Amino acid sequence: MEGVGAYGGGKAGGAFDPISFAQRPTVILRAICWLFAIIVFSCISSQGWQPMGPNKKLTCLYNGDTNACNYGVGISVIAFLASMGFLVGEYLFEQMSSVKTRKHYVLADLGFSGFWAFLYFVGFWYLCDQWAKADNPPSGIGISNVRAAIAFSFFSIFAWAASAFLAFQRFKQGADAAFASNFESDNMQTAYPSYPGGPDTDQHYQEPPFSAGPNPRGPSEFQAPTY
C-alpha cells in the first residue's frame with residue numbers, strides 16, 4: 001500500500017496529519033486506557049478510604065484491606081503514565097526511520113499491554129472479592145466510587161487486551177513484510193541467465209567458430225617457398 005512503511009506505520013519523513021493521527025485505532029485505545037486509569041485511581045484515592053471505627057481511622061472500603069486499595073491505585077497510576085508514554089510513542093512512530101527501532105517499540109507495546117491486561121484482570125477479581133466481604137460504610141459514603149473503580153477495572157482489561165492485539169497485528173505485518181522482502185531479494189539473485197558457455201546453456205553453432213579466412217589455399221595445397 002502506498003505511503004505505508006514498516007510495521008504498519010507511515011513512511012518516515014512524511015507530513016504529520018493530526019486528524020488521521022487521532023483517528024488511528026491504536027491512538028483511540030491509548031486514550032481510552034488513559035481515561036479508564038484516571039477514573040480508577042481517582043475513585044479509590046478520593047473516597048476509597050473512609051474514617052471508620054471509634055478512632056475514626058482511615059480504612060480501605062474494600063473490607064479494610066489496605067493492599068486492595070494500594071493495588072488498584074498502583075496499577076492505575078502506572079497505566080496512566082504508560083498510556084501517555086505510548087501516545088507519545090505513536091506520534092514518534094512515524095519518525096522512526098529504523099526498522100529495528102520500530103520492531104522494538106511494537107514488541108514493547110505488545111508485552112506491556114498484554115501484561116497490564118492480566119494485572120487488571122487480577123485487580124478486578126481482587127477488588128470484587130474484597131468488596132463482597134465488606135460492610136457498607138456509614139451513610140453509604142464512597143459506595144459509588146468503589147463500584148466505579150471495580151467497573152472500570154473490568155473495562156480496562158479489554159482496552160489493554162485490544163491494544164496488545166493491535167500490537168501483535170503490527171508485529172505480524174512487519175514480520176510478513178520482512179519475509180516477503182527477503183524472498184523477492186533471493187528471486188532477483190537467481191533470475192539472471194547463466195554466462196555464455198556455462199553448463200546451463202545450449203548453444204549450437206551453424207558453422208565452425210573458426211574459419212580459414214581469406215586464404216584461398218586449403219590445408220592440402222601447401223607450396224614450398226621459392227628462393
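Which residues do ring pairs link into a cluster? In this predicted model, the cluster consists of Phe36, Phe121, Phe124, Trp125, Phe152, Phe154, Phe155 and Phe158. Rings of Phe, Tyr and Trp (its six-membered ring) are paired if their centres lie within 6.5 Å; planes under 30 degrees apart are called stacked, those over 60 edge-to-face, and the rest tilted.

Residue numbers start from 1 along each chain as its sequence is written. Local features need pLDDT of at least 70, and side-chain atom pairs count only at pLDDT 80 or more, while totals for chains, interfaces and linings use all residues; side-chain values use heavy atoms, with hydrogens and water left out.

**Overall architecture**

The protein chain contains 5 helices and 2 strands, arranged from the N terminus in the order α-α-β-β-α-α-α. Helices (H or I, at least four residues) and strands (E, at least two) are DSSP runs, numbered from the N terminus. Of the 227 residues in the protein chain, 31% are buried. Buried denotes under 20% relative accessible area, exposed over 50%, and partly exposed in between (1.4 Å probe, protein chains only).

Helix α2 covers residues 25-47. Its 23 residues reach 33 Å from the first C-alpha to the last, close to the 33 Å expected at 1.5 Å a residue; the expected span is 1.5 Å times one less than the number of residues. The buried residues of α2 include Arg30, Cys33, Phe36 and Phe41. Phe36 is also a member of the ring cluster.

**Aromatic pairs and charges over rings**

The structure holds 19 aromatic pairs. One of them joins Tyr71 and Tyr126 edge-to-face, at 6.1 Å centre to centre and with 70° between the planes. Tyr71 lies in helix α3 (residues 66-93) and Tyr126 in helix α4, so this pair ties together parts that are 55 residues apart in sequence. Tyr71 is partly exposed at 21% relative accessibility, and Tyr126 is likewise partly exposed at 24%.

Phe112 and Trp116 form a stacked pair, with 4.7 Å centre to centre and 10° between the planes. These two residues are 4 apart in helix α4 and are therefore separated by about one helical turn. Phe112 is partly exposed, with a relative accessible area of 23%, whereas Trp116 is buried at 7%.

Charged side chains also lie over ring faces. The criterion is that NZ of Lys or CZ of Arg is within 6 Å of the ring centre and within 35 degrees of the ring normal. The two cases are listed below.

| Charged residue | Ring | Distance from ring centre |
|---|---|---|
| Arg30 | Phe86 | 4.3 Å |
| Arg170 | Phe93 | 4.4 Å |

Arg30 is one of the buried residues of α2.

**A nonpolar surface patch**

Phe115, Phe118, Phe121, Val122 and Trp125 form a nonpolar patch on the surface, with about 520 Å² of accessible area together. Patches are made of residues with over 30% relative accessible area and no salt bridge; like charges are joined within 9 Å, and nonpolar side chains (Val, Leu, Ile, Met, Phe, Trp, Tyr) within 5 Å. A salt bridge is a side-chain nitrogen of Lys or Arg within 4 Å of a carboxyl oxygen of Asp or Glu. Accessible areas come from the Shrake-Rupley method with a 1.4 Å probe, and for residues only the protein chains shown count as cover.

Val122 is found in helix α4 (residues 99-133) and is partly exposed, with a relative accessible area of 32%. Phe118 lies in helix α4 as well, and it is partly exposed at 47%. Phe118 and Ile157 are 39 residues apart in sequence, and their C-alpha atoms are 7.2 Å apart in space. Phe121 and Trp125 belong to the patch and also to the ring cluster.

Cys69 lies in helix α3 and is buried, with a relative accessible area of 0%. Its C-alpha atom is separated by 8.2 Å from that of Ser45, 24 residues away along the chain.

Most residues other than glycine have a negative phi. Lys56 has a positive phi, near 55°. Lys56 is placed in the loop between β1 (49-52) and β2 (57-60), and it is exposed at 57% relative accessible area. Asn63 also has a positive phi, near 60°. Asn63 is located in the loop between β2 and α3 and is partly exposed at 37% relative accessibility.
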